[in-house]
Amino acid sequence: MSRYIKYIVALILLGAGYKTRAQDIPQVWDLKTAIEYAKEKNISINTLKLSSQTAEQNLIASKAAVLPNLSGNVSQAITNYKSGLQNTSGFGLSSDMTLYNGSYLKNDIKSKELSLQTANLSVEAAKNDITISITQAYLNILLARENITYLKDLLTTSEAQVKQSEQQFKFGTIAKKDLLQLQATYANDKYTLVTAQNTLQQNILTLKQLLQIPTTTPFEVSTTDTVAVAPALDNLASAQDQALRTRPEIKSGELNIQLQSTELAKAKSTLRPTLSLGGSLNTGYNNNNIGGYGYQLNNSFYQNLGLTLSIPIFDRKVTKTNVAKANIGIEQARLSLLDAKTTLTQNVERAYINVQNANSQYAAAQEQFKYTSEALRISNAALKEGTNNIVENLQQKNLYVQALQAFVQAKYTASLYTKIYNFYTGVPITN
């Protein structure tokens with residue numbers, strides 16, 4: 001039976017996936033679109049949103065607890081006595097409300113408000129996490145795509161060199177081994193390009209999985225996206241201070257301390273008396289009494305109003321235990337906040353170091369790529385004119401490929417680390 005249930009569920013999910021694929025999934029993606037889509041559709045984020053909605057309902061219930069209740073009752077009974085059957089009817093309304101309970105209800109409302117704020121901050125923290133993951137995956141796609149562009153140009157040059165060498169070999173101006181070296185290089189360039197194209201597809205798959213869209217869905221990255229490597233906006237101390245003041249995980253930790261303190265106040269309030277007000281309206285009918293149905297309902301109508309004071313004397317150490325647990329919760333919350341602050345400042349510092357190193361590597365790689373590109377251009381021209389040998393040209397080409405890969409990698413790494421560092425200070429990742 002469970003196998004059939006799973007099959008039905010799978011069909012439902014496929015149907016839902018088709019609806020999403022047809023109506024909601026863009027065809028062309030830029031970074032902002034990918035991030036906003038993930039924030040809206042990500043399962044983990046939506047699960048946290050549902051938890052936030054639950055916390056909101058808990059808050060509504062806690063606020064309503066201070067209001068008086070109202071209930072009605074209707075009874076109909078037949079009782080068999082030795083003297084015969086007796087038919088009775090009863091009708092009533094009753095209500096009660098808590099006037100004082102040691103501020104338990106007040107603290108419960110505050111507790112639920114803090115829980116709701118914490119749940120909302122958990123959603124924001126999850127959005128921050130998915131934003132960084134999406135950004136990294138997206139930039140990896142741009143990196144692979146740019147690398148392919150350079151490799152295609154390189155392959156075009158290799159193909160032209162092979163064609164020229166084949167003509168030269170026909171006329172006997174170059175040796176067979178020189179032609180074979182160029183042909184082997186051309187084949188290697190094709191292999192390198194295919195590898196780069198496979199890397200691009202793998203990076204696209206990674207982003208699709210983060211976006212949680214079917215792998216068969218058409219997916220194209222916007223061609224207008226560019227990467228600009230800019231210096232960090234803030235120094236380390238300023239960035240750490242800004243992160244500590246704005247990041248949701250820190251705010252959540254601070255609220256958790258308030259929440260645990262409120263739970264302590266709630267636990268202590270159960271030691272105090274509870275005063276409640278209650279009232280009721282009742283009437284009834286008995287077939288053995290004098291008078292008709294309407295007469296008896298009117299004649300037996302009565303009202304009741306009273307106060308009830310409940311004084312706790314011994315609750316088998318329930319309150320004492322709850323107070324002790326609440327104090328432990330406060331200390332745990334303080335330690336959690338301290339750990340969150342330590343982790344955050346370390347992450348910001350690590351991001352700062354990464355930015356500095358990445359920018360330095362990018363500057364060096366950019367210079368190296370500039371010189372090796374010019375050197376390869378001169379070497380290719382010399383080879384075409386027959387003033388350069390093939391071995392030297394291949395060596396120069398290898399240097400160019402190494403410089404190319406280092407340059408592209410350094411550029412996107414610097415961009416990624418800069419975005420992450422600035423993101424810690426509150427700067428949107430898509431700026």
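This report covers helices, salt bridges and a surface patch in a predicted model.

## Basis

The model is predicted: local features need pLDDT of at least 70, side-chain atom pairs count only at pLDDT 80 or more, and totals for chains, interfaces and linings use all residues. Residues are numbered from 1 along each chain as its sequence is written, and side-chain values use heavy atoms, with hydrogens and water left out.

## Helices

Helices are DSSP runs (H or I, at least four residues), numbered from the N terminus. Helix α9 spans residues 318–385, 68 residues in total. From first C-alpha to last it reaches 95 Å, close to the 100 Å expected at 1.5 Å a residue. That expected span is 1.5 Å times one less than the number of residues. G386 follows α9, with a positive phi near 85°.

N147 sits in helix α4 (residues 104–170). N147 is buried because its relative accessibility is 13%. The cut-offs: buried is under 20% relative accessible area, exposed over 50%, partly exposed in between (1.4 Å probe, protein chains only).

## Salt bridges

A salt bridge is a side-chain nitrogen of Lys or Arg within 4 Å of a carboxyl oxygen of Asp or Glu. The count is 13.

K266 and D108 pair at 2.8 Å, N to O. This bridge links distant parts of the chain, 158 residues apart: K266 is in helix α7 (residues 248–269), D108 in helix α4. K266 is buried at 8%, and D108 is buried at 10%. D108, K112, E263 and K266 form a salt-bridge network.

K163 and E159 bridge at 3.7 Å, N to O. Both lie in α4, 4 residues apart, about one turn of the helix.

Terms used: Helices (H or I, at least four residues) and strands (E, at least two) are DSSP runs, numbered from the N terminus.
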